[in-house]
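These are my notebook entries on a structure I looked through, kept in the order in which I looked things up.

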Amino acid sequence: MCGIVGYIGKREVTPILVNGLKRLEYRGYDSAGIVVIDKKGTGHLAREVGKVAMLEKALAKSNWGTASIGIAHTRWATHGVPSERNAHPQSDCTSSFWVVHNGIVENYKDLKDALIAEGHKFISDTDTEVIAHLIEKFYHLADSKANGHRLVNAVRQTLRQIKGTYGIAVVSKLEPDKIIAARNSSPLILGIGTDENLVASDASAVISHTKNVIYLNDGEIAEVRGDGFRIETVGGDGEETKAKVEEIEWDMEKIEKGGHEHFMHKEIFEIPEVIENSMRGRLILEEGRAKLGGIEDVKEKLREVKRIIIAACGTANAAARVAEYMIEEYAGVPTEVDIASEFRYRKPVFTEHNLLLAISQSGETADTLAAIKEAKEKGVMTMGIVNVVGSSIARETGVGIYNHAGPEISVASTKAFISQLVLSALFTVFLGRQRDMSIVMGQRIGEALKELPGMVRRLLADEPHIIELAKKYKDTRGMLTLGRKYNAPIATEAAIKLKELCYLPVIDLPAGEMKHGTIALIAPDFPSLVIAPEDSVYEKTKSTIEQIKARGGPIIAITTEGNTELERFTKDIMYIPKTLEMLTPILATIPIYLFAYHIARLRGHDIDKPRNLAKSVTVE
Ligand code: F6R
């Protein structure tokens with residue numbers, strides 16, 4: 001997945017596509033590729049790992065004939081490491097059909113096996129290549145009298161086989177007068193020009209050519225020619241749908257951020273979709289278990305694991321601490337969390353059947369990488385939960401689970417953290433079902449996970465209330481953040497965000513620890529953010545709130561919807577829906593992110609690039 005751009009018209013296509021890719025660079029990617037079909041009907045392909053500039057350099061040396069149709073892509077790896085052969089466009093056995101794809105084909109493995117059995121030859125590790133081979137198959141099965149619409153029909157039949165998400169653009173040298181575009185849960189627009197049309201995953205790639213766009217809907221497929229287009233349904237009888245041409249009014253900067261003021265805001269609002277993507281194809285609800293492709297090969301070794309050590313830094317470390325509670329409570333495997341920078345310098349004692357689990361968004365954090373190397377040196381099995389496919393940590397651990405959270409541009413990690421929690425829950429179910437967890441418990445966790453995207457959407461809709469709270473607390477001189485059990489790490493995550501975004505001195509503590517010293521800080525001008533959902537430790541957390549109230553400290557509380565009791569202590573309450581205790585951190589984090597974001601915004605800070613910070617910390 002990442003960025004798509006396609007062009008058909010009268011102009012020379014290559015520079016248009018390369019410039020379109022440059023417009024999409026802000027989204028993050030690891031490789032880029034382009035295919036054009038020249039006037040003689042010959043396809044020309046170029047793909048490069050790295051920046052679009054590398055692709056441009058390679059293209060400068062090429063000697064392609066004039067072409068006015070082509071598609072291009074920036075890839076963010078999901079299946080297969082970043083490499084030339086895994087970059088898009090992907091093709092079929094005969095190099096006649098070319099596909100660029102954003103999204104995930106969940107059933108690609110089954111489809112690939114079936115196609116291989118039918119004689120198809122695959123070159124890449126991608127799920128996308130399956131789409132190209134299916135188009136090849138259906139094109140040749142199609143009625144050859146289909147009046148120049150064989151390609152659209154073959155793509156439609158292909159998409160009917162696919163489970164998962166996609167935004168795709170397809171070209172073929174057999175019908176070089178059209179681009180086929182289709183969408184299901186992955187954005188795709190048509191840019192409508194004069195005697196030329198474009199296809200793109202994002203308006204930024206078309207805006208320098210036209211402001212008139214059509215936003216494709218899920219389940220729609222478009223046949224785009226230079227002088228027109230036709231949009232039909234993928235399902236049903238493939239009937240034509242009515243398209244509405246809209247004028248883009250945003251400027252470039254706003255388009256890149258999808259209409260949000262900052263990438264962080266955009267990424268927070270992507271969280272419902274990120275939860276869905278992190279779980280996609282991984283939850284087998286009927287059997288109450290998790291299917292995690294990246295660790296299937298070592299599942300017997302994982303069954304033997306007697307102790308887990310999780311190494312991570314910063315926000316990923318907070319996720320690790322939530323995972324510790326989950327794994328111990330539901331899978332019964334002794335688990336401990338290490339700050340990776342400490343782990344590498346102490347002398348960790350390993351015993352038999354230990355697993356070192358590294359959690360990292362970037363997959364490049366030097367301290368986490370060093371912890372893995374140290375464990376491997378001692379013969380300990382390692383595994384990763386990593387967002388960036390093919391990153392150093394992913395390669396070093398060899399086995400693991402990818403987040404599928406998409407690129408995170410804002411320096412402060414948000415959607416990746418939530419995805420780390422979701423994967424921790426899935427990994428817990430995976431381990432638990434290998435041990436004592438019943439099918440019913442596996443199903444309960446699975447069902448609760450499935451409810452989360454809707455609940456998060458509701459929480460995001462409560463933003464106006466959070467903005468009011470942010471206005472009230474924006475000038476505070478500091479803050480205390482508190483939580484217990486599953487939400488003690490969320491107090492830490494809240495503190496990280498309030499520190500890095502708002503530049504506030506914030507102290508985070510497991511709530512029960514406050515009375516052992518930090519309570520001396522409680523004062524009328526020193527607020528406490530207390531995470532107190534109605535869970536197994538609610539009464540205890542409530543008594544911490546009472547202690548703060550008794551000393552005149554202002555309280556901002558997070559609790560479960562319907563619990564009005566805390567109104568006795570404060571009016572500043574953020575409510576979260578009821579869910580399983582182990583999943584409350586996911587919901588509690590959402591208002592915290594909005595709260596920290598809006599305080600930082602009101603204080604006029606550089607939200608996406610906080611001072612002194614970098615997105616990946618590749619130094620010790
Ligand atoms: C905070 C944040 C950092 C990272 C930490 C680890 O918002 O983003 O604390 O979580 O630097 O980074 P990764 O997950 O890339 O290993």
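How many Å separate an oxygen atom of the ligand from an N or O atom in the side chain of Thr-365? I read 2.5 Å for this pair, which falls under the rule for a polar contact, namely a pair of N or O atoms within 3.5 Å, where within protein one must be able to donate a hydrogen and the other to accept it, and residues adjacent in sequence count only if both atoms are side-chain atoms. Taken alone the ligand exposes 410 Å², of which the protein buries 88%, the accessible areas coming from the Shrake-Rupley method with a 1.4 Å probe, with only the protein chains shown counting as cover for residues.

Before going on, I noted the basis: this is a predicted model, in which local features need pLDDT of at least 70 and side-chain atom pairs count only at pLDDT 80 or more, while totals for chains, interfaces and linings use all residues. Residues are numbered from 1 along each chain as its sequence is written, and side-chain values use heavy atoms, with hydrogens and water left out.

**Ligand shell**

I then looked up the rest of the surroundings, and found 15 residues around the ligand, the closest being Ser-360, Gln-361, Ser-362, Thr-365 and Glu-500, where near means that a heavy atom of the residue lies within 4 Å. The side chain of Ser-360 has an N or O atom 2.6 Å from an oxygen atom of the ligand, and for Ser-413 a backbone N or O atom lies 3.0 Å from a ligand oxygen. Helix H10 (314-331) and helix H17 (488-502) each supply at least two residues of this shell; helices (H or I, at least four residues) and strands (E, at least two) are DSSP runs, numbered from the N terminus.

**Glu-493**

In helix H17 I also looked up Glu-493, which is buried at a relative accessible area of 1% (buried is under 20%, exposed over 50%, partly exposed in between, with a 1.4 Å probe and protein chains only). Its side chain makes polar contacts with the side chains of Thr-315, at 2.8 Å, and Tyr-593, at 2.6 Å. Leaving aside neighbours within four places in sequence, Glu-493 is in contact (heavy atoms within 4.5 Å) with Thr-315, Ala-318, Ser-413, Phe-417 and Tyr-593.

**Strand S9 and its partners**

In strand S9 (residues 189-192), Ile-189 and Gly-191 point one way and Leu-190 and Ile-192 the other, and all are buried. Strands pair if DSSP finds at least two bridges between them, and S9 has four bridges to the antiparallel strand S10 (residues 197-200), where Ala-200 is the bridge partner of Ile-189. The two strands form a hairpin with four residues between them, and Asp-195 in the turn has a positive phi of about 55°. Three bridges join S9 to strand S11 (residues 212-215), also antiparallel, with Gly-191 opposite Val-213.

**Thr-560**

Beyond four places in sequence, the contacts of Thr-560 are Pro-533, Glu-534, Tyr-575, Ile-576, Pro-577 and Lys-578.

**Cysteines**

Last, I looked for disulfides, taken as pairs of cysteine sulfur atoms within 2.5 Å, and the count came to zero. Cys-2 is buried at 5% relative accessibility, whereas Cys-313 is partly exposed at 23%.
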